[in-house]
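The sequence and structure are shown first.

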2 protein chains.
Amino acid sequence: MKKEAVYNTTDLCKTRIGAIKDALEILSGKWKFHILGTLLFHKKMRFMDLLREVDGIAPKMLSKELQDMEMNQLISRTVVQTKPITVEYALTDMGETLGPLIKELAEWGIAYRSTLYNKEK
Amino acid sequence: MKKEAVYNTTDLCKTRIGAIKDALEILSGKWKFHILGTLLFHKKMRFMDLLREVDGIAPKMLSKELQDMEMNQLISRTVVQTKPITVEYALTDMGETLGPLIKELAEWGIAYRSTLYNKEK
DNA sequence: GTAATTGGTTACCAATTGGTAATCGGGTTT
DNA sequence: AAACCCGATTACCAATTGGTAACCAATTAC
């Protein structure tokens, strides 16, 4: 019997697929969630603070990821004219809306780990 | 003035960071969320069904991602002894727990896109 | 008998991601 | 004056990711 392909033809489905694609594109990579999570917790941070706080990130990566996310309007970059010039990074309103997602991700990770632990007992 | 580094020393913080790292490792890559989302919607699917439904994925990638996620106990693989042998993939209970996260991701993507659209008007 | 379907695997290759280390200019501390 | 902090940027390199295309054995439809 020949099988007919069943495609995702409903609008609901197409929209969801596109939305997931968009979100993944913006949030892809090893560091974005860590940076966002750190900013969610500390509110305002300077470059060197982030470099110290986000464990293991190199300045190059931090710089690149910050630029990416600034372009995508998730974080804001403000140059402050202090004695040695400082730069403050913070979440934008859009960036703040990622709060629940990050929280959910962290909670899932915790639940996942504890499930594995219980199975190994 | 010399700055003292402020590290993430609270247990709460460390746990969260580790959890996010775990989750990202398991869910990394271009396709996992799409496959999981599709399985969440259709419940049980065969290899070729997934190949058709997950837009643009190559058999090699599908195979690899399915193996990855099977190892991590997010999906189950069942060989069915039908006339031409078929293989059924489905979410495990653990995999099902990703439902809210995927939903949140999709909703965020939709909200993000509509915000951009409103700004461009 | 020929072609197609099922569930993959393999070889090969290109692009992206990410890491290391050095550098830079301006300013401050010692 | 020497050395260090700030916020990066650059050159170079290695590893991972992902894509294309071909192939496999078994079975079935035409």
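How many residues does the contact take from chain A and from chain B? It takes 30 residues from chain A and 30 residues from chain B.

## Interface between the chains

α6(A) gives the most, with 12 residues. By class, this side of chain A divides into 17 nonpolar, 7 polar and 6 charged residues.

Of the interface residues of chain A, 97% are also interface residues in chain B, so the copies meet through the same surface.

## Symmetry

Chain A is superposed on chain B by a rotation of 180 degrees, with 0.0 Å of shift along the axis and an RMSD of 0.0 Å. The two copies are therefore related as by a two-fold rotation axis. Within chain A, Leu101(A) has the C-alpha nearest that axis, at 3.5 Å from it.

## The sheet of chain A

Chain A has an open sheet of 3 strands in the order β1-β3-β2, and the pairing is antiparallel. Its edge strands are β1 and β2 of chain A, each of which pairs on one side only. From one strand to the next, the twist averages 30 degrees. The helix α4(A) packs on this sheet and touches β2 and β3 of chain A. The direction of α4(A) makes about 110 degrees with that of β2(A).

The pairing can be followed residue by residue. Strand β1 (residues 44-46) of chain A is joined to strand β3 (residues 86-91) of chain A by 3 bridges. In this region Lys44(A) stands opposite Ala90(A) of β3(A), and Arg46(A) has Glu88(A) of β3(A) as its bridge partner. Strand β2 (residues 75-80) of chain A is joined to β3(A) by 6 bridges, and these two strands run antiparallel. Here Thr78(A) stands opposite Glu88(A) in β3(A). A hairpin through 5 residues joins β2(A) to β3(A).

## The sheet of chain B

In chain B, 3 strands make an open sheet with the order β1-β3-β2 and antiparallel pairing. The strands at the edges are β1 (44-46) and β2 (75-80) of chain B, each pairing on one side only. Neighbouring strands of the sheet are turned by 30 degrees against each other on average, direction ignored.

β1(B) and β3(B) run antiparallel and are joined by 3 bridges. Lys44(B) is opposite Ala90(B) in β3(B). The helix α4(B) lies across β2 and β3 of chain B and runs at about 110 degrees to β2(B).

## Surfaces near the DNA strands

Around DNA strand C there are 22 residues, of which Gly29(A), Lys30(A), Lys83(A), Met48(B) and Val87(B) come nearest. At least two residues of this surface come from each of α4 (59-71) of chain A and α3 (47-53), α4 (59-71) and β3 (86-91) of chain B. The residues near DNA strand C divide into 11 nonpolar, 4 polar and 7 charged.

Which residues come nearest to DNA strand D? Of the 22 residues around DNA strand D, the nearest are Arg46(A), Met48(A), Val87(A), Lys30(B) and Lys83(B). The elements that each supply at least two residues here are α3, α4 and β3 of chain A together with α4 of chain B. This surface has 10 nonpolar, 4 polar and 8 charged residues.

## Confidence

Chain A has an average pLDDT of 87, and 91% of its residues score at least 70. In chain A, confidence is lowest in α1(A), at a mean of 87, and highest in helix α5 (residues 93-96), at 96. Over residues 1-6 of chain A the pLDDT is below 50, and this stretch has 1 contact in the model beyond near neighbours in sequence. Where pLDDT is low, the predicted coordinates should not be read in detail.

Conventions:
Residues are numbered from 1 along each chain as its sequence is written. Chains are lettered from A and ligands numbered from 1 in the order in which they are written. This is a predicted model: local features need pLDDT of at least 70, side-chain atom pairs count only at pLDDT 80 or more; totals for chains, interfaces and linings use all residues. A residue is near a molecule or strand if its C-beta atom, placed from the backbone, lies within 6 Å of it. Helices (H or I, at least four residues) and strands (E, at least two) are DSSP runs, numbered from the N terminus. Ala, Val, Leu, Ile, Met, Phe, Trp, Tyr, Cys and Pro count as nonpolar, Asp, Glu, Lys and Arg as charged, and the others, Gly among them, as polar. Copies are superposed by least squares on the C-alpha atoms of residues with pLDDT of at least 70 in both. Two residues are in contact if their C-beta atoms, placed from the backbone, lie within 7 Å. Two strands pair if DSSP finds at least two bridges between them. Axes are lines fitted to C-alpha atoms, for helices over the stretch in contact, and angles run from 0 to 180 degrees between N-to-C directions. pLDDT is the predictor's confidence in each residue, from 0 to 100.
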